[in-house]
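Open the model in your viewer and keep the selection panel at hand. This tour goes stop by stop.

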Amino acid sequence: MAASRRPSVTKRQKEQRRAEKRSKKEEKRRERDAAKLDRPQVANGEDPDIAGIVPGPQPPLEDFDYD
């Protein structure tokens, strides 16, 4: 009885999916690297999430102007 050619077809499809996934991951890596270069540089030791926040007591809610 002749051997089926199906395993080689499925293997090729599997290899194509892997190659496609690899190329997508590489593209995402390149996008992340490009985004890192576009980000502004932070000052020495300054956390960008809390930059510009003044420590100390905050104004009472009644005196705070929401506009």
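Colour the protein chain by relative accessibility. Buried residues account for 0% of its 67 residues. Keep in mind that this is a predicted model. The chain exposes about 7,200 Å². Carbon and sulfur atoms supply 53% of that area.

Switch to cartoon. The protein chain has one helix and zero strands. The helix is α1, residues 6-38.

**Stop 1: the charged pairs**

How many salt bridges does a search of the whole structure find? The search gives four. Three of the stops below take you to some of them.

Select Arg29 and Glu26. Their side chains form a salt bridge, with the closest N and O atoms 3.1 Å apart. Both residues sit in helix α1, three residues apart, or about one turn of the helix. Is Arg29 buried or exposed, or something in between? Arg29 counts as partly exposed because its relative accessibility is 36%, between the 20% and 50% cut-offs. Glu26 has 33% relative accessibility, so Glu26 is also partly exposed.

**Stop 2**

The side chains of Glu26 and Arg30 meet in a salt bridge at 4.0 Å, N to O. Glu26 and Arg30 are about one helical turn apart because four residues separate their positions in helix α1. Arg30 has a relative accessible area of 45%, so Arg30 is partly exposed.

**Stop 3**

Which distance do you read here, N to O? The salt bridge between Arg30 and Glu27 gives 2.6 Å. These two residues both lie in helix α1, three residues apart, about one turn of the helix. Glu27 counts as partly exposed, at 34% relative accessibility. Select Glu26, Glu27, Arg29 and Arg30 together: salt bridges with shared partners join them into one network.

**Stop 4: the positive patch**

Clear the selection. Pick Lys21, Lys25, Lys28, Arg32, Lys36 and Arg39. These residues form a positive surface patch. Zoom in on Arg39. Where does Arg39 lie relative to α1? Arg39 is in the segment after α1. Arg39 counts as exposed because its relative accessible area is 52%, and the exposed class starts over 50%.

To finish, show the network of Glu26, Glu27, Arg29 and Arg30 together with the positive patch that includes Lys28 and Arg32.

Technical notes. Residues are numbered from 1 along each chain as its sequence is written. This is a predicted model: local features need pLDDT of at least 70, side-chain atom pairs count only at pLDDT 80 or more; totals for chains, interfaces and linings use all residues. Side-chain values use heavy atoms; hydrogens and water are left out. Buried means under 20% relative accessible area, exposed over 50%, partly exposed in between (1.4 Å probe, protein chains only). Patches are made of residues with over 30% relative accessible area and no salt bridge: like charges are joined within 9 Å, nonpolar side chains (Val, Leu, Ile, Met, Phe, Trp, Tyr) within 5 Å. Accessible areas come from the Shrake-Rupley method with a 1.4 Å probe; for residues, only the protein chains shown count as cover. Lys and Arg count as positive and Asp and Glu as negative; His and the chain ends are not counted. The place of a charge is taken as NZ of Lys, CZ of Arg, CG of Asp or CD of Glu.
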